[in-house]
Structure formats: C-alpha cells, structure tokens
Amino acid sequence: MPETLDTVPLQRDALGQGRVSSRELTTASLERAECCEALRLVVGTRAEAALAEADAADARRSRGESLGPLDGIPALIKDNMVQLGEPTTCASRMLENFVSPYDGAMAERLAAAGAVIIGRTNMDEFAMGSSTENTIHGAACNPWDPERACGGSSGGSAGSVAAGITALALGSDTGGSVRQPAAFCGVSGMKPTYGRVSRWGLVAFASSLDQIGPLAHSARECAMVLEAICGHDPRDSTSIPEPAPALEAQLSGDVSGLVIGLPREYFELEGAEPAVLERVRQAVDALERMGAKAREVSLPHTSYGIAAYYLIATAEASSNLARYDGVRYGRRVSADDLGEMYRRTRSEGFGDEVKRRIVLGTYVLSAGYYDAYYRKAQQVRTLLRRDFEQAFEGCDVIATPTSPETAFRLGEKASDPLRMYLSDVYTVSAPLAGIPCISVPCGEAEGLPVGLQLLGPALGEAVVLRAADAYQRVTDHHERRPEIAL
Amino acid sequence: MSRISPEEVERTAHLARLELSADERDAMTRDLDRILDYVASLQRLDTEGIEPTSHPIPVPTPLRADEAAVPIDPALAILNAPQAEGTAFVVPKVIASEDEG
C-alpha cells in the first residue's frame, strides 16, 4: 500500500475514491498480523475466506453498491466470539480444537456491514484476567513495550489496533476487559450499556456483566462500529428491544454546557499513579476550555466495587463453565465412568485462574455462604447502581482514570491474583451498574499510554461518545503510534 | 484465623467437578483465603432491606410464539462431539454396575 491507512475513515475514504481495494487492505492486514507474530496479538487468521469476502466487497463497490461505512474494512474479533467454520479457543486447552457450527451475532453483524473478519485475537482464558497472560497462545506483548502487558482480557484486540494490524477490533468487557487494555495500548475502547449488543455467540463468562464493545483508534470509529453491531436480537433474552441508535451523526464536537462529574473517591484512591491522575485532570481541563463544566460528584460505595464484582462474576462463571464437561464439545479426557470423565476433563482443560474462579464462585453459591457472599454482593450492586443514578442527576458524564497505572511488566502480577484483581478498581463499577463507558488515550506517563474513562447513564452512549470525540478533536493522543521493533 | 480450610477447598472443588493435586489445593487455599478476607469488607455495609440486583438493566422477559423450530441442524451440532454415534453423544456408563455396589 502506498500510504498508511490505519483508521476506519482513512480506509473508507480511500476505498470510496478507488485509491485502494478491500483486497489490498485485507492483504496488508494479514501481512501485518504475520510480521507482528512475536507479539502474540492475533491467534488465528482466515486468509482465504477473508480475501474472498474482500473481493466480494470490491465487486459491490464496482457495481456502485455499499453495505455502509465498514464495507470492505478488515476487522478482528476476540477469540470468544464464534464464527461458522472457524475455531474459537477462548485461549483455553478446553476449547483448543473447537470449531463453531454457527455464526454468532457479531460475525453476522460485521458481515452484514461488509466488514472483513481476518482472524481472532489473544485473550485471557475465558476472559478471566487483566493482562492477557493466562492464555494457551502465550502472553500478548504490548506494542509500546513488548516487555509489558497489553492489559486484559481483550489484550489481543487492543494490541492489534495499536500495532496497526486492523483499524478495528471487537472485545468483550465484563469488569473492564475492553477499557483497561485500550488504556494500556493507547487506543479507544467502549463498553456499551448492558443489553445494547447481542451476546448470542459470545462465550459466556458472567452473563449479567458481559458486554461486547469496539476497539479502534478514535471514539468516532467506535461510534461507527457500535452502530453496526448494536440493536435488538431476540436470541439474547437480555437484549434491549430497541433499534441501534444513530451515533456518528450525533458527534457534534460541541460540549458547551456539558457537566462533567469527577468522583471524589476515584481521585483519592491510594496507590493510583500521580502521573495518571495528572493526565486525566489535564484532559478534563481541555474539555472545560471547550465549554464543558467540571464539578465534583460522589460515588460513595466505590471501594466495595471490586469485592462485589469478584463475588458476582465468579458465581456466574462457576455456573456458566459447568457446561465444559467433555460430553458435547471441547476437550474430553476419557475415563471409565461419567463422573470421573467430568473431573478429569475439567481438571486438565482449565488453567489455574479459571479453576480458582470456579472454586470461589462455587463456594460463594454453596449452602451456608450464599447469603453472606453472593446475595450481599448483589445488594451492594444495587447501592453501586444507585450511586451512579444519583451522580447523573448532577452531571452528564463522569470522567475518571481507566486504570490506576500504566501497562505493568509481563509476569509482574502473575503470581498474585488479588493484586491483579485490585488493578480493576476503576472499571468494575460500570458493568455492575450496566452503564456505557469508554476509554480514550489522554497522554503518556514515562512513555506509556494513559487512559481517560468517560461514563454515561444507561443508554447514554451518544453523550459519552460526543464528549470523547470532542476531546479527540482538540488533542492528538489517539493519533500517536508505537514504534515497533520487529 | 483462616477463612477457608484445605478441606473446604477440596469439598468445593468436588462440587465443581474439579480434582486438585495436594499442591494445587494448598496454593488455592492460600489464594482464596486472601480473596475472602478482602471481600469480607462488604460485611461492614448495612444492606438491610436493599433489593439485590441480578440484572443491571431490567427488560421484561421476552416471549416468543410457541412454534417448533430447528435452531441448528443436529448433524452440525454433533461435529464437535468428542465421541458420537449418528446424532447422539456417546458417554461412559452413568450407573455403576452391580458388582461395584
């Protein structure tokens, strides 16, 4: 390719003007994936099928037809979203040889929008982790510094966008799994309102929290992708029965009068890196200079978020992962009787972190502990939800850091699960409340990207994206690219 | 005082159909003990009378017409089976034979 076309609008315009074909873009993405192989961001490609789809997009364009702004644009999906005839491993030995017998909603929606899925991205096993180190494919390396983590669990998706493999990727977010890797890798990543995007064909981790979201360089691109993947799906009973909102058209660049809430508890957090807090304050200053007003708000139950999250998420995971029993799909370790087959299959198929969460989740749901742990956590979830409802009575969006730190070193937290959990402090509350949120790059600390998190009220994707996009119109952090030594 | 014993970890792992080696059990006991100690902070909150939240965005239970349909071709559904016969999943015997009591 004669020019660097690493964003959706650049690719769309070049396609529209006939300066490049979808086949060329797809070939470039596949080549880039191969040359970044050492970073372990992409775990499998589907070159032949992708090129055929690219040719179909080119043929449409030559006939003057288009499926929309994503037509012919290469994309990656996290390795927990199924596509007909393609493997879905969830980075687990359990699903090492699984090939999907059907298209999930994301494969369908992307295809309907003309996007070309070139392959699958690395992740923590069953999306359980904050570093993309718990994976059978090998730990993913951060393009800004290969000795550091991409974050997780959608680390491969965030890293792939940062490394310029594709302009867009899908991830899934349960406790921060889109936003924290977006922050670590210097890209934008959004978790929509719970129920906005269909979970049909997303391998379940914690069903009341899981939500799929886009990763790209800019908020505008997130809006474009979200428009394509949102909307009601009767096959997901928690899908919100509303059509996809028009989001890109609402990116006016105007934030005058917008009230930005700064939660006191988030900025007073012990252990947050001062440089991270400083970058976030500077980002809020930039929005204020554009006419927004910042004011302090309170989310008084913030410090209980991680405890509530890890109880609810593990409880739901222990139930969801009961399906991996060696009977219908996935790994089976043979034994003489059924019970023994279950135990051996599960013990060999799951990694340590997954086992730890299954046992914790089983424990908090078991007789005698249910009320003290699981029910209590659900009650605290109500309090956290109300915190946000009250805060949004006095502001339009809430601004916080995405993560208390920048990308940590690979291996730094691998042996300390609780310390790893605590790094999710800023991201777990939003999925507990079900509200939309985005992480956008807002500068660097010691050469590593810092993420600004913007949260909005339920169904408030438009205002979150408008604020994020307005910020990106006056800053260029989202235009910075890592120099990758390959 | 520890919050969970190795025996409780073993019992819980059994409920989840997981087998742990002695080393795995001991490591998990240590990890879970710290995690349970951390989450015990929730007990400080008075939640008397607070409704639990099971789904963050309540939508009414959707109903569909009661019509028979084939969600997936059985021949496709069986493709990932570790062991299959026709469109049936084959598993080891479920009930122990008589001499095993």
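**Briefing: helices and contacts in a two-chain model**

Helix α11 of chain A, residues 338-349, runs for 12 residues and reaches 16 Å from its first C-alpha to its last, close to the 16 Å expected at 1.5 Å a residue. Keep in mind that this is a predicted model. The contact between the two chains takes 59 residues from chain A and 43 residues from chain B, and α2(B) gives the most to chain B's side of it, with seven residues.

- In α11(A), the buried residues are Met341(A), Tyr342(A), Arg343(A), Thr345(A), Arg346(A) and Gly349(A).
- As background, an α-helix has 3.6 residues a turn, so residues three or four places apart point the same way.
- Over in α4(A), residues 105-112, the buried set is Ala105(A), Met106(A), Ala107(A), Arg109(A) and Leu110(A).
- The cover over the buried residues of α4(A) includes the strands β2 (74-78), β3 (116-121), β6 (168-173) and β8 (211-216), plus helix α7 (219-229), which belong to chain A.
- Just after α4(A) comes Gly114(A), which takes a positive phi of about 85°.

**Chain B's side of the contact**

- On the side of chain B that touches chain A, the elements giving two or more residues are α1 (6-15), α2 and α3 (74-77) of chain B.
- Sorted by class, that side of chain B has 29 nonpolar, seven polar and seven charged residues.

**α2(B) against α12(A)**

- From α12(A), the contact uses Arg356(A), Val359(A) and Leu360(A), while α2(B) brings Met28(B), Asp31(B), Leu32(B) and Ile35(B).
- By class, this contact of α12(A) with α2(B) has five nonpolar, two charged and no polar residues.

**α2(B) against α10(A)**

- Helix α10 of chain A (residues 305-320) also packs on α2(B), at an angle of about 125° and with the axes 9 Å apart.
- This makes α10(A) oblique to α2(B), and here the crossing is left-handed.
- Ala307(A), Tyr310(A) and Leu311(A) of α10(A) make the contact with Ile35(B), Tyr38(B) and Val39(B) of α2(B).
- The contact residues of α10(A) and α2(B) split into six nonpolar, no polar and no charged.
- Ile35(B) turns up in the contact with α12(A) and again in the contact with α10(A).

**A crossing inside chain A**

- Helices α9 (residues 274-289) and α16 (residues 461-474) of chain A have axes that come within 10 Å and cross at roughly 90°.
- So α9(A) is roughly perpendicular to α16(A).
- On the α9(A) side sit Ala283(A), Ala286(A) and Leu287(A), which meet Ala467(A), Ala470(A), Tyr471(A) and Val474(A) in α16(A).
- The contact of α9(A) with α16(A) has seven nonpolar, no polar and no charged residues.

**Asp396(A) in its loop**

- Asp396(A) lies in the loop between α13 (370-391) and β11 (397-401) of chain A.
- Leaving out residues up to four places away in sequence, Asp396(A) touches Leu258(A), Val259(A) and Val463(A).
- Gly456(A) is 60 residues from Asp396(A) in sequence, yet the two are 6.7 Å apart in space, C-alpha to C-alpha.

Key: Residues numbered from 1 in each chain as written. Chains lettered and ligands numbered in written order. Predicted model: local features only at pLDDT ≥ 70, side-chain atom pairs only at ≥ 80, totals over all residues. Helix = DSSP H or I, 4+ residues; strand = E, 2+ residues; numbered from the N terminus. Expected span 1.5 Å × (residues − 1). Buried ≥ 20, exposed ≤ 12 C-beta atoms within 10 Å, placed from the backbone. Contact = placed C-beta atoms within 7 Å. Nonpolar A, V, L, I, M, F, W, Y, C, P; charged D, E, K, R; others polar. Axes fitted to C-alpha atoms, helices over the stretch in contact; angles between N-to-C directions. Parallel < 35°, antiparallel > 145°, perpendicular 65-115°, else oblique. Left-handed = near helix turned anticlockwise from the far one by under 90°.
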